[in-house]
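Morning, everyone. Have the sequence and the model open, please.

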Amino acid sequence: MPEKIKILFLASNPTDISRIRVDEELREIDERISLGSHRDRFELIPHFAVRPRDLTNGLLRHQPHILHFSGHGSTSAGIVLEDNNGKTKLVAGADLAELLSIIKDNLRVVVLNSCYSALQASGITETIDCAIGMNDKVGDRSAIIFSASFYEGLAFGRSIYEAFRLGVVQLKTEGATGATTPTLL
């Protein structure tokens, strides 16, 4: 039996910034994967309240094929993780890209489901095959619709490109905002 495709789902939702539904996103992804004809090929590994050291530890420990980040992003500063007190801790896009270049092992796809993450995704593709980022703000509903549809596509054996397109089309058909926000690099 071939190795399972590990999806490391990292979520950050600091207490000093607006709350987002990262728990609902995980639930929807899990439900959609479980419907797929290839569901047994996937292992979804969730981690919440992620701090920078948790990011490193998760990559080292699980050696995922897909890294999914759900949380806040910044137009220029990178992604938002948490400090030891649950407050905002920014991780620069260049630092994230460097970390992933060191601990890439099995990593083939990075999904940054956070506002303004396309710039960080672009830097990541220098060493990782494929990255998805958002080129603008992304609301909770749109983030959940996109990611759930993306993983549903993968669970039914679709390629990364096809699964990405399914996520975008689902945003359109459900009338959600931001159908042009996700970017596949």
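One definition first. A pocket here is an open set of grid points with protein on both sides within 12 Å along at least five of seven lines, and a lining residue has an atom within 4 Å of a point. Keep in mind that this is a predicted model.

So, the largest pocket. Its space comes to about 310 Å³. Its lining counts 17 residues. Which of them lie nearest the centre? Those are Ile 5, Ile 66, Val 109, Leu 154 and Ile 160. By class, the lining has 7 nonpolar, 4 polar and 6 charged residues.

How many cavities of 30 Å³ or more does the search of the whole structure find? It finds 1. The largest cavity holds about 40 Å³. Leu 10, Leu 55, Leu 67, Phe 69, Ile 79, Leu 81, Leu 96 and Leu 112 form its lining. Strands S3 and S5 are the elements that give two or more residues to that lining. The class count for the cavity is 8 nonpolar, no polar and no charged.

Now the cores. In soluble globular proteins, nonpolar side chains tend to be buried together. The largest nonpolar core has 30 residues. Ile 33, Phe 146, Phe 150, Tyr 151 and Leu 154 touch the most other members. At least two residues each come from S1, H1, S7, S8, H5 and H6. H5 gives the most, with 7 residues.

Take Tyr 151. Beyond its neighbours within four places in sequence, Tyr 151 contacts Ile 7, Ile 29, Ile 33, Ile 66, His 68 and Val 111. There is also a second, separate core, of 23 residues. Leu 55, Leu 59, Leu 67 and Ile 128 are among its members.

Leu 55 and Leu 59 bring us to helix H2, residues 52-62. Which residues of H2 are buried? Leu 55, Gly 58, Leu 59 and His 62. Down the axis of H2, these buried residues fall within an arc of 100 degrees, so they line one face of the helix. The general rule: an α-helix has 3.6 residues a turn, so residues three or four places apart point the same way. On the other side of H2, Arg 53 and Arg 61 are exposed.

What covers the buried residues of H2? The cover includes strands S1, S2, S3 and S5, plus helix H3. After H2 comes Gln 63, with a positive phi near 45 degrees.

That's the tour. Comments, please.

Methods: Residues are numbered from 1 along each chain as its sequence is written. This is a predicted model: local features need pLDDT of at least 70, side-chain atom pairs count only at pLDDT 80 or more; totals for chains, interfaces and linings use all residues. Side-chain values use heavy atoms; hydrogens and water are left out. Buried means under 20% relative accessible area, exposed over 50%, partly exposed in between (1.4 Å probe, protein chains only). Helices (H or I, at least four residues) and strands (E, at least two) are DSSP runs, numbered from the N terminus. The arc is that of the directions from the helix axis to the C-beta atoms. Contact means heavy atoms within 4.5 Å. A nonpolar core is a set of buried Ala, Val, Leu, Ile, Met, Phe, Trp, Tyr and Cys residues joined through side-chain atoms within 4.5 Å. On a 1 Å grid over the protein atoms alone, a cavity is a set of points where a 1.4 Å probe fits but cannot get out, and a pocket is an open set with protein on both sides within 12 Å along at least five of seven lines; lining residues have an atom within 4 Å of a point. Grid points are joined across faces, edges and corners, and a volume is the space filled by probe spheres set on the points. Ala, Val, Leu, Ile, Met, Phe, Trp, Tyr, Cys and Pro count as nonpolar, Asp, Glu, Lys and Arg as charged, and the others, Gly among them, as polar.
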